[in-house]
Each structure stands twice: as structure tokens, then as C-alpha cells.
Amino acid sequence: MVLIYENDPLDDEHARGKFYHVCRGRIDRTPLVIPLEDKPLECKTCGIDLEADDFYMAMQKGSV
């Protein structure tokens, strides 16, 4: 898994949840936003492209 989705139902400010990238086995605690369909995010460290579908899959798998 390259993305983690965390959702805290008591956090009103971030009610939708937060996404984090898992880079080389470590969680980068910089929150990510879902990219546009044609503009994937690229990790400068590991080179993985994070596409919108990856974010939707992480959200479907549930919160950690």
C-alpha cells in the first residue's frame, strides 16, 4: 500500500479525513489532497505516481 487514509469522526475541521503517503516503508505525515484526474502526484523520493484512483481505493479500504 502506498497511501493511508485516516478519518477521525470527532475532527470537525478535517471531517473528510486525511491521506498520507507510505514511502519506502515509512509514513510521510504531510497530508495530501486528491489530485486532478490528469495530474497525478509524484513522490520525489521513490518516484511513485499517486493517481486519483489510488486515493479513492485507500478511502474505500477504510480508516486506519
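This is a predicted model: local features need pLDDT of at least 70, side-chain atom pairs count only at pLDDT 80 or more; totals for chains, interfaces and linings use all residues.
Residues are numbered from 1 along each chain as its sequence is written, and side-chain values use heavy atoms, with hydrogens and water left out.

Now for the overall layout. The protein has one helix and five strands, and reading along the sequence gives the pattern β-β-β-β-β-α. Helices (H or I, at least four residues) and strands (E, at least two) are DSSP runs, numbered from the N terminus. Of the protein's 64 residues, 23% count as buried. Here buried means under 20% relative accessible area, exposed means over 50%, and partly exposed is in between (1.4 Å probe, protein chains only).

Back to the rings. The structure holds two aromatic pairs. Tyr5 and Phe19 make a tilted one, at 4.9 Å centre to centre with 45° between the planes. Tyr5 sits in strand 1 (residues 3–6) and Phe19 in strand 2 (residues 18–23), so this pair ties together parts that are 14 residues apart in sequence. Both Tyr5 and Phe19 are buried. Phe19 also pairs with Phe55, this time edge-to-face, at 5.0 Å centre to centre and 75° between the planes. That pair links distant parts of the chain, with Phe19 in strand 2 and Phe55 in helix 1, 36 residues apart. Why does Phe55 count as buried? Because its relative accessibility is 0%; for Phe19 the value is 4%.

Charged side chains make a link too. A search of the whole structure finds one salt bridge, meaning a side-chain nitrogen of Lys or Arg within 4 Å of a carboxyl oxygen of Asp or Glu. The partners are Glu6 and Arg29, whose closest N and O atoms are 3.0 Å apart. Glu6 belongs to strand 1 and Arg29 to strand 3 (residues 26–32), so the pair ties together parts that are 23 residues apart in sequence. Glu6 is partly exposed at 24% relative accessibility, and Arg29 is partly exposed at 46%.

Two loops are worth a stop. Arg24 is in the loop between strand 2 and strand 3, and Arg24 is exposed, with a relative accessible area of 65%. Its phi is near 55°, a positive value in a residue other than glycine. Most residues other than glycine have a negative phi. Cys43, in the loop between strand 4 (41–42) and strand 5 (49–50), counts as buried at 12% relative accessibility.

One member, Asp53, is located in helix 1 (residues 52–61) and is partly exposed, with a relative accessible area of 47%.

Note on methods
Rings of Phe, Tyr and Trp (its six-membered ring) pair if their centres lie within 6.5 Å; planes under 30 degrees apart count as stacked, over 60 as edge-to-face and the rest as tilted.
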